[in-house]
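The sequence and the structure are shown first.

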Amino acid sequence: LIQQYISNNDFSVYSQYVKALFEAVRQVSGRDIIVDSSKRFSRALALSMVDGIDLRTIHLLRDARGVAYSWSKPTRPRRRSWWNASVRWNAFTVAAGLVERRVGHELVMRLRYEDFISQPVDTLKELGRFANVDLDVVAKLLVNNEGLTVNHIGVGNGFLQRTKKVT
């Protein structure tokens, strides 16, 4: 899909930059797993076409009514109407389906926001199995209401960029 719109040379350059970036992050962090918290499906599709990346995609899916409510709050920087929010929710959900078809069902996990909120320990265990990561320590912190410390975030949720501890 993406390769139809860009030349192979352009994608080759993009691919080289992504590999170099991920390798630099791996070397500096000392970790083999890199979490890319991009929200755009186009990023996941592009990453799926980069050779050498073991891509696992987590589709965090929230009930459409909750999304519409959240996006319509007056405190949001870009407040949206209920109609606009529902159209966008559907578009994002369809886009996530495109990613799933591209990377394969076994490499995509649908994580319901409501399940995570109501059953964080069970949901984290399922997520850990999917990503092949032990999340027991994270689950214990949440159960004990100790919060999590954010080590680094480049771009993304402004709340996390201003806060050191998430509870």
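A residue is called buried when its relative accessible area is under 20%, exposed when it is over 50%, and partly exposed in between (1.4 Å probe, protein chains only). Helices (H or I, at least four residues) and strands (E, at least two) are DSSP runs, numbered from the N terminus. The model is predicted: local features need pLDDT of at least 70, side-chain atom pairs count only at pLDDT 80 or more, and totals for chains, interfaces and linings use all residues. Residues are numbered from 1 along each chain as its sequence is written, and side-chain values use heavy atoms, with hydrogens and water left out.

**Two helices**

The expected span of a helix is 1.5 Å times one less than its number of residues. The table sets out two helices on this basis.

| Helix | Residues | Number of residues | Span between end C-alpha atoms | Expected span |
|---|---|---|---|---|
| α4 | 82–103 | 22 residues | 32 Å | 32 Å |

In α6, the buried residues are Thr123, Leu124, Leu127, Gly128 and Phe130. They lie on the same side of α6, because they cover an arc of only 160 degrees around the axis; the arc is that of the directions from the helix axis to the C-beta atoms. Their cover includes β1, β2, α5 (113–118) and α7 (136–143). After α6 comes Asn132, with a positive phi near 60 degrees.

In α4, the buried residues are Ala85, Ala95, Ala96, Gly97, Val99, Glu100 and Val103. Among the elements that cover them are α2 (41–48), β1 (57–61), α3 (64–71) and β2 (108–112). Gly104 follows α4 and has a positive phi, near 105 degrees.

**Packing of α2 and α4**

The axes of α2 and α4 are 9 Å apart and form an angle of about 10 degrees. The two helices are therefore roughly parallel, a term for angles under 35 degrees. In contact (heavy atoms within 4.5 Å), Phe41, Ala44, Leu45 and Ser48 of α2 meet Ala95, Leu98, Val99, Arg102 and Val103 of α4.

**Nonpolar cores**

A nonpolar core is a set of buried Ala, Val, Leu, Ile, Met, Phe, Trp, Tyr and Cys residues joined through side-chain atoms within 4.5 Å. The largest has nine residues: Val18, Phe22, Ala44, Leu45, Leu47, Leu55, Val99, Val103 and Val108. At least two residues of this core come from each of α1 (8–29), α2 and α4, and α2 gives the largest share, three residues. Apart from this core lies another, of seven residues, including Met109, Leu111, Leu135 and Ala139.

Notes:
Axes fitted to C-alpha atoms, helices over the stretch in contact; angles between N-to-C directions. Parallel < 35°, antiparallel > 145°, perpendicular 65-115°, else oblique.
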